[in-house]
Amino acid sequence: MKKDYAVSVIFPGVGQASLQDMKHRLTFRAYPTGDQAIQLAQTFGCVRFVWNWALRLKSERFSIDKQKIGYAETDRRLTQLKKRPQTIWLQDVSCVPLQQSLRDLQTAFANFFDKRASYPAFKKKSLRQSANYTKNAFTLDRANRILSFAKIGTLKIRWTRDDIPMPSSVRIVKTTTGKYFVSMVVDVEPIQWPKSNASVGLDFGLVHLATLSTGEKIENIRLAEQEQKRLSMLRRSVDWPKNRKAAAGAFAQGIGSPFCMREFGTHAWMRCTSCRRIS
C-alpha cells in the first residue's frame with residue numbers, strides 16, 4: 001500500500017503562522033524590441049546610479065557622525081537630485097524603479113545591521129541588471145496576456161503558465177549573457193497536503209545531490225565538470241587584450257548554460273520528490 005508524504009523544510013525562527021501568507025515568484029523570458037532595449041538600458045543605468053549615489057551618501061554620513069539616513073530622507077534628496085542640470089536625465093525614466101532602488105538599499109542596510117548579510121556593495125554595469133516596478137508602474141491584462149510598463153510599453157513575454165495571477169510587483173532583469181526576464185511576485189495559497197504519519201529526511205551533500213532517510217541516493221548532475229575543458233578555454237580567452245568584451249560575453253554564456261540546466265533540474269527534482277509516493 002502506498003502512502004503520500006510531503007517534504008517539509010523548517011527554518012529556525014519561522015513559525016507555522018507565516019505559512020498562511022505565502023509569496024511566490026514567477027519568472028518568464030522577455031524579448032524587448034530594439035527601442036525597448038535602449039530604454040531598458042537607460043533605466044538600468046539610472047537605477048544603478050541612484051543605488052550607488054545613495055550608498056555613498058549613507059556611508060559618508062555614517063562615517064562622519066554615526067548617523068543613519070532612512071528611506072524618507074534619501075527619497076527627498078532624490079527629488080532634488082532630479083532637478084539638477086547635471087542629473088536631469090533621471091527624469092527620462094519612470095520614477096518607480098528609482099524609488100524601489102532606494103527601498104532595496106534600505107532593506108540591504110537593515111539586513112547588514114541585523115547581521116543577516118554583508119555590507120551593501122556598489123553596482124557595476126558588467127553585472128546583472130534589474131529594475132523593480134510596483135502596481136502603479138505596470139499593467140497586466142490577464143485575459144489577453146499583455147504586460148506593459150511605464151515609459152517602456154508592452155513587452156513580448158514567453159508565457160509558460162496557463163493561469164497568471166495578478167502580481168504585486170514585477171522586476172525586469174537582464175543577465176550577464178544579455179537575456180531578459182520578468183520576475184513577478186504573486187500571492188499563493190499554501191498547499192494543503194493530506195495528513196499522514198509518513199515522513200522522509202533529506203541530507204544534501206557534495207558527492208550525491210541528496211540522500212533520503214529511506215536510503216535512496218540522488219546523483220549530483222555535474223554539468224560544469226562535464227564542460228570544464230570548454231569553460232577553461234573560454235576563461236583563458238578573456239585574458240587576451242583583443243576582443244576582450246566579446247570573450248567575456250562568451251564565457252558568461254558558457255557559465256550560464258550549465259547553471260540554468262542545473263537549476264532547472266534541481267527545481268524539477270524537488271517538485272517531483274515533494275509530490276511522489278513511496279511504499
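Okay, a definition to start: helices (H or I, at least four residues) and strands (E, at least two) are DSSP runs, numbered from the N terminus. With that in hand, take Lys-151, which lies in the loop between strand E5 (146–149) and strand E6 (153–158). Its phi is near 65°, a positive value in a residue other than glycine.

Before I go on, the ground rules. This is a predicted model, where local features need pLDDT of at least 70 and side-chain atom pairs count only at pLDDT 80 or more, while totals for chains, interfaces and linings use all residues. Residues are numbered from 1 along each chain as its sequence is written, and side-chain values use heavy atoms, with hydrogens and water left out.

Back to phi. Lys-115 also has a positive value for a residue other than glycine, near 60°. You'll find Lys-115 in the loop between H3 and strand E3 (129–134). Is Lys-115 buried or exposed? Buried means under 20% relative accessible area, exposed over 50%, and partly exposed is in between (1.4 Å probe, protein chains only). Lys-115 comes out at 80%, so it is exposed.

Now the aromatics. Rings of Phe, Tyr and Trp (its six-membered ring) pair if their centres lie within 6.5 Å; planes under 30 degrees apart are stacked, over 60 edge-to-face, and the rest tilted. How many aromatic pairs does the structure hold? There are 9. One of them is Phe-49 with Trp-89, which is edge-to-face, at 5.1 Å centre to centre and 65° between the planes. Phe-49 sits in helix H1 (residues 34–65) and Trp-89 in the loop between helix H2 (71–81) and helix H3 (95–113), so this pair ties together parts that are 40 residues apart in sequence. Phe-49 counts as partly exposed, at 29% relative accessibility, and Trp-89 counts as partly exposed too, at 32%. Elsewhere, ring pairs link Phe-62, Phe-109, Phe-112, Phe-113 and Tyr-119 into a cluster.

A charge sits over a ring if NZ of Lys or CZ of Arg is within 6 Å of the ring centre and within 35 degrees of the ring normal. Lys-123 lies over the face of Trp-51, 4.2 Å from the ring centre. Over the face of Tyr-31 there's Lys-156, at 5.9 Å from the ring centre.

On to the strands, where two of them pair if DSSP finds at least two bridges between them. Strand E2 (residues 22–31) pairs with strand E8 (residues 180–188) in the antiparallel sense, over 9 bridges. Within that, His-24 stands opposite Val-186 in E8. E2 is also joined to E6 by 3 bridges, again antiparallel, and Arg-29 has Arg-158 in E6 as its bridge partner.

There's also an open sheet of 3 strands, in the order E9-E10-E11, with antiparallel pairing. Its edge strands are strand E9 (202–204) and strand E11 (217–219), each pairing on one side only. E9 and strand E10 (residues 208–212) share 3 bridges, and Leu-202 stands opposite Leu-212 in E10.
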